[in-house]
Amino acid sequence: MNKITSIADVRRHFLNNKEPVYFISATNFNLLGIGDWVGSFRHINYIDCFEGKQRNVFVPKQKFPRDFESIEDINNYLLEHKEVIDFIQSRANGESAGVASFLMFDEHTEEICEQLGLRVAFPPAELRKRMDNKIETVRIGNKAGVPSVPNVLAKVGSYQELIEVSQELGNDLVVQTAFGDSGHTTFFIASEEDYYKHAEEIEAEPEVKIMKRINCRGSAIEACATRCGTVVGPLMTELVGFKTLTPYKGGWCGNEMFAGAFSQEVRDLAREYTFKFGEALREEGYRGYFELDFLIDMDTNEVYLGELNPRVTGASSLTNVAAFAHSDIPLFLFHLLEFSDVEFDLDINDINERWAHPESVDSWSQLVIKHTDESVDLLTQAPTTGVWRMNDQGEIAYDHYSYHPHAAENEHEAFFLRISGAGDFRYEGADLGILITRGRLMDDDFQLNARAKAWIDGIRNQYTGQALQDPVVEEVAVSHAIGGGNFKIL
């Protein structure tokens, strides 16, 4: 076909696409609605969030008991499942079985995909793992001129060593290990007592990132490194550590996207840094979708690099439904284009200027609702996926089925994606579901507003469970539960 030179060309190319494209993961949360843009697009998931109602979501009917320790385990299980293999083979277009995209994958995933004739639309797992290293992120940022919070990188064997190597950073420290979800691998240390709570994890690492603790707000920005340059999305606020949403201190539990999230100066700087970092990633050999966390110092307005996620993320669900995405194309389509065999030459600067305009960013928020109690029970009732509506008294009720956040037309409505359903075990940290709505869910002091609290209470009240009497059964239940291995599935 002719070279793609415009957004209209990209749209037409994907709407006419005949090659099967798959997103394979525990759920389809990260890429909600992408099937509206890409012909022959299907989700292959372990969890059926839609009770069989959604045509472009395939979930194998027969489940075999397995203890999963990571999202990669879930994906490899799916790809080796006979029902999934039969489904992929039934849709093969000629010699090509299609294109596979993932939230997470490893070398074994790549081997299975090769056997199935699937092309993986991401850089190699080995490169992604190197990019995912928080220590490596600091080094790439320094090289690209994207500063991190004042820090040192060092091997730590004792509290005394920690104090010695970080004496220029003060007494209030934040320590991060190289890999893992920041909700579980970020440690706040202001005393020797704090240190000993996490000493085993810290001392097991060949190197950790030790930062000065600052008064900051978390933020997220997604981008895509292409052969024409890096496309940059909007800066979003992050919801972190709210006890009504997550039991994990420092754990991500949602996002807000609105034009005035931070000052214009901060937004411009974050976009500039993201573009620079994307160009640096291209030099490292990485291309495609990525997300950067930035820490905004509320005392100085400095913008610091937090961490890199070389993948689609939990924030992708908002990035790809916003006004700029629907007036042009979702960011994920740039990713698919980069991994296609189609020639393209797009004016990335023009796209970035357009996406930076405040009118291109409409207001959306999402809450990731986890079970926060230490209790374990068996769910007997759960809210269904679709659009829910809140009345003037703050009470919620199911309105109608939909698969897309856009079906929530105003701030009285929200799209809820159920993760845990009847028959699932409910345990501390279990993902119950995700709520996406128009407008803000935090106030100007970055605290949950009254509407957010009403939605959280309303959704939680839709769940009922049956207590487990036997402690051994409880232990087995958590160990066999998806995410019970202390990893994030979203």
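Student: In which loop does Asn301 lie?

Tutor: This is a predicted model, in which local features need pLDDT of at least 70, side-chain atom pairs count only at pLDDT 80 or more, and totals for chains, interfaces and linings use all residues. Residues are numbered from 1 along each chain as its sequence is written, and side-chain values use heavy atoms, with hydrogens and water left out. Strands (E, at least two residues) and helices (H or I, at least four) are DSSP runs numbered from the N terminus. On that numbering, the loop that holds Asn301 is the one between β13 (288-297) and β14 (303-309).

Student: Is Asn301 buried, partly exposed or exposed?

Tutor: Buried means under 20% relative accessible area, exposed means over 50%, and partly exposed lies in between, with a 1.4 Å probe and protein chains only. Asn301, which has a positive phi of about 65° although it is not a glycine, has a relative accessible area of 37%, so this residue is partly exposed.

Student: What is the relative accessibility of Phe446?

Tutor: Phe446 is found in the loop between β21 (431-438) and α15 (450-460), and this residue too is not a glycine but has a positive phi, of about 60°. Phe446 counts as buried, because its relative accessibility is 12%.

Student: What is the order of the strands in the open sheet of five strands?

Tutor: Two strands pair if DSSP finds at least two bridges between them. Strands β2 (residues 41-45) and β3 run parallel and are joined by two bridges, and His43 stands opposite Val57 in β3. The pairing in the open sheet is parallel, and the order is β3-β2-β1-β4-β5.
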